[in-house]
Amino acid sequence: MASVRQRKTPRHGTGVQDPGFSEMVSSLFGGEAGKRPGGAKARMPRAKGILSEIYRPVLFSSLALVAYGLLVVWSASLTIAEASLPRQLVGFALGLVAAVVIWHYDYRNLANYTTALLIADIILFILPMIPGLSYSAKGMAGWIQIPGIGLRFQPSELMKLVTIFLIASVAAQYNGKIKAFSDYCKLCGTLLIPFLLLLTQDLGTSLIVLVAGASIIICAGAKKEWVIPTVILIVVVAALVIFCSLTPGLPNILKEYQLKRLIVFVDPSVDPSGDGYNLQQAKIAVGSGGFLGKGIGHASQAGQGFLPEAHTDFVFALLAEEFGFVGAMVLLALFGWLMFSVVRLAQTIELPFGKLVLVGVVAMWAFQLLENVGMCLGIMPITGIPLPFISYGASSMVVQLSAVGMVQSVYRHRTKAA
């Protein structure tokens with residue numbers, strides 16, 4: 001998108017404000033949060049020393065989620081050979097390093113690098129296709145293995161964060177009010193590139209990118225007269241794709257396993273030995289946990305091999321079986337604390353680019369939480385979307401902690417001149 005107009009975004013605390021976004025967020029949380037008498041923006045309380053540069057609510061809530069996730073992975077490792085706590089700890093260590101580096105980096109430097117961010121997305125998409133780097137996990141491509149050290153990584157995970165910066169950088173050029181329909185089309189077209197690229201590799205990750213990017217565009221001031229027809233168009237196109245995939249003689253756009261998952265979502269009895277089986281076992285695991293759960297290492301569905309991918313895709317079912325309703329509510333409360341803290345921070349940020357980066361991060365976490373928990377309960381289609389901070393996997397852990405670093409970078413540079 002080299003042709004995208006590169007209008008300079010304000011780089012300091014007195015930049016152009018985004019009243020539309022601020023009013024929308026304030027109305028969701030009482031209307032007065034984030035304001036001082038006289039209409040001045042509130043500033044987050046500042047402590048002495050390094051703590052003044054760390055947004056503690058996000059730090060504490062994310063570390064609590066990581067600790068909870070490590071407990072779940074350790075519990076899973078007692079009965080599941082593939083669940084390795086040491087590997088998860090390596091992912092945590094790498095993610096912590098990435099978070100600290102991003103926290104130190106001034107995120108505002110990326111505000112005017114739309115083309116570079118788009119190229120980065122394309123490079124990340126191509127990496128798994130390079131001979132010598134490509135790696136397949138359980139028959140699925142999309143991974144790379146670094147020669148010499150054997151470290152495996154999923155570039156599509158990193159594409160989520162790059163795309164958040166990409167769409168936020170383009171949307172911030174309009175300072176919270178997209179006035180021209182052509183500008184709205186440019187934003188949608190920019191988002192369409194990483195979405196379609198990811199769609200060829202991983203449906204779940206492509207949906208995360210779509211939701212996060214769409215949330216940024218909406219909060220950047222897109223008019224409802226444009227957004228509503230766009231949503232309708234997406235629904236129509238999705239229906240046509242499903243129809244073509246189901247009709248003999250027409251192009252099978254969806255892969256067979258993706259189509260089965262959608263069918264099972266509508267009627268779990270259609271494929272009782274495949275994805276229908278997975279869904280039923282997940283429901284059994286969640287229901288059998290009761291109020292307090294069966295205890296660590298006593299998840300019979302996962303421990304006896306009835307629940308597939310219990311430590312990754314269906315980790316919420318494992319958590320609910322071991323820790324029960326109380327454990328599930330603790331998980332949701334921690335996520336609520338994390339996301340509400342980021343929303344509250346967004347109310348105090350004057351720079352549109354910073355606001356929109358925070359919007360993308362919250363949307364990413366919210367959709368992953370909704371999809372992962374929802375598919376274990378049967379209210380969302382089954383996808384390979386991991387539960388942030390909880391699911392086993394170093395790639396996911398590194399990216400989620402990097403997102404925490406993004407939030408901390410926005411907080412650290414909220415008032416300093418660039």
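## Overall make-up

A contact here means heavy atoms within 4.5 Å, and among contacts in the protein chain between residues at least 6 apart in sequence, 73% join residues at least 24 apart. This is a predicted model, in which local features need pLDDT of at least 70 and side-chain atom pairs count only at pLDDT 80 or more, while totals for chains, interfaces and linings use all residues. Residues are numbered from 1 along each chain as its sequence is written, and side-chain values use heavy atoms, with hydrogens and water left out.

The protein chain has 14 helices and three strands, these being DSSP runs numbered from the N terminus (H or I and at least four residues for helices, E and at least two for strands). Of its 418 residues, 49% are buried, a term that stands for under 20% relative accessible area, against over 50% for exposed and partly exposed in between (1.4 Å probe, protein chains only).

## Confidence

The predictor's confidence in each residue is given by pLDDT, from 0 to 100; its mean for the protein chain is 83, and 84% of the residues reach 70 or more. Over residues 1–42, however, pLDDT stays under 50, although the model has 83 contacts beyond four places in sequence for them. Where pLDDT is low, the predicted coordinates should not be read in detail.

## The nonpolar core

A nonpolar core is a set of buried Ala, Val, Leu, Ile, Met, Phe, Trp, Tyr and Cys residues joined through side-chain atoms within 4.5 Å. The largest one holds 100 residues, of which Leu 331, Phe 335, Phe 353, Trp 365, Phe 389 and Val 407 touch the most other members. Helix α12 (residues 315–348) supplies the largest share of this core, with 16 residues.

## Two packed helices

Helix α2 (residues 56–77) packs against helix α14 (residues 394–412) with the axes 10 Å apart and at an angle of about 170 degrees, so α2 is roughly antiparallel to α14. In this contact, Val 58, Leu 59, Ser 62 and Val 66 of α2 meet Met 397, Leu 401, Val 404, Val 407 and Gln 408 of α14.

## Two buried loop residues

His 311 lies in the loop between α11 and α12 and is buried, at 7% relative accessibility. Not counting residues up to four places away in sequence, His 311 touches Ala 76, Ile 80, Glu 82, Ala 83, Ser 391 and Tyr 392.

Ala 299, in the loop between α10 (275–288) and α11 (300–303), is also buried, with a relative accessible area of 4%. Beyond its neighbours within four places in sequence, Ala 299 is in contact with Gln 304, Leu 318, Glu 321 and Glu 322.

Notes
Axes fitted to C-alpha atoms, helices over the stretch in contact; angles between N-to-C directions. Parallel < 35°, antiparallel > 145°, perpendicular 65-115°, else oblique.
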